[in-house]
Amino acid sequence: MLLVLRFIIMLVYVLLVCIIGLIFCIFSPKNKRYTSTFGQLFSKLSTIFGITVETRKLQFFNNAIYICNHQNNYDMIITSRILQPNMVTVGKKSLLWIPFFGLLYWLTGNILIDRKNSFKAHKTINELIKKITHEKNSLLIFPEGTRNYKQGLLPFKSGAFRIALILGLKIIPIVVSNTQNKIYPNRLNNGLVIIEMLPPIDFKLYSSFSAKQMANHCYNIMLIKLRELNQEVKKREKQNITMKY
């Protein structure tokens, strides 16, 4: 019963947000504030699904590349809370075919990439560079390139790091604790998720690194932090259960 109720609330809420968002975007398409505005609205759904989200050390910079681990569809209501004005995300082209949401995603200024076509992917990197240099945006990219249905991290693709290398930008890693096999729509309380931003990584201090080497460097840093956050979440949730009894 709880599962059905949650999904009804989610569908109605998402539909309303998308319709209102599309109306706004018709009059002001790709407004720099909209990705953040509607991302924050979608993040409210985490409460509906019984998820407590804790954010840490969020310090935002202009003209930077943010990288974050990508786990499942719940990222839309968890990771979306970190979106800021002048920040756009990079998603797969198939998102455009999701009714209402796909069009809103594109009209709010986010970038759609065809990962199956290397030529188009190369053109997208040039578009991302334009977004940063001419429109003064920051990017939020999931360097794994796809959802990771297991704990840990998939190998990072180098696209985000090539852009950072070309433009001399800071890379800011963001780590979200595990949500795999944790969130059940039919369970009242789905526990704690921690989002932590790590210190900026300045490419200028790693001038000898290639994009691939920087990708591996960031991968190792984020994997260590992910394991730390997962351990902390388990410990705190166990303490909460103990306190209840």
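Which residues have the most contacts inside the largest nonpolar core? In this predicted model, they are Ile51, Tyr66 and Ile78, within a core of 37 residues.

**Nonpolar cores**

- Leaving aside residues up to four places away in sequence, Ile78 touches Ile51, Val53, Val176, Thr179, Ile183, Val193 and Ile195.
- In soluble globular proteins, nonpolar side chains tend to be buried together.

**Helix α2**

- Of the 10 residues of α2, 7 are buried, so this helix is largely enclosed by the rest of the structure.
- The buried residues are Tyr34, Thr35, Ser36, Phe38, Gly39, Phe42 and Ser43, and they pack against α1, α3 (45-48), α4, β3 (87-92) and α5.

**Salt bridges**

- The model contains 8 salt bridges, and Glu54, Arg56, Glu196, Lys225, Glu228, Glu232 and Arg236 are linked in a network of such bridges.
- Arg236 forms a salt bridge with Glu54, with the closest N and O atoms 2.9 Å apart; because Arg236 lies in helix α8 (residues 211-244) and Glu54 in strand β1 (residues 52-56), the pair ties together parts that are 182 residues apart in sequence.
- Both partners of this pair are partly exposed, Arg236 with a relative accessible area of 29% and Glu54 with one of 23%.
- Arg56 forms a salt bridge with Glu232, where the closest N and O atoms are 2.3 Å apart, and this pair links distant parts of the chain, with Arg56 in strand β1 and Glu232 in helix α8, 176 residues apart.
- Glu232 is partly exposed, with a relative accessible area of 24%.
- Lys182 and Glu237 meet through their side chains in a salt bridge of 2.5 Å, N to O, which links the loop between β6 and β7, where Lys182 is found, to helix α8, where Glu237 is found, 55 residues apart.
- Within this pair, Lys182 is buried at a relative accessible area of 10%, whereas Glu237 counts as partly exposed at 22% relative accessibility, since buried means under 20%.

Methods:
Residues are numbered from 1 along each chain as its sequence is written. This is a predicted model: local features need pLDDT of at least 70, side-chain atom pairs count only at pLDDT 80 or more; totals for chains, interfaces and linings use all residues. Side-chain values use heavy atoms; hydrogens and water are left out. A nonpolar core is a set of buried Ala, Val, Leu, Ile, Met, Phe, Trp, Tyr and Cys residues joined through side-chain atoms within 4.5 Å. Buried means under 20% relative accessible area, exposed over 50%, partly exposed in between (1.4 Å probe, protein chains only). Contact means heavy atoms within 4.5 Å. Helices (H or I, at least four residues) and strands (E, at least two) are DSSP runs, numbered from the N terminus. A salt bridge is a side-chain nitrogen of Lys or Arg within 4 Å of a carboxyl oxygen of Asp or Glu.
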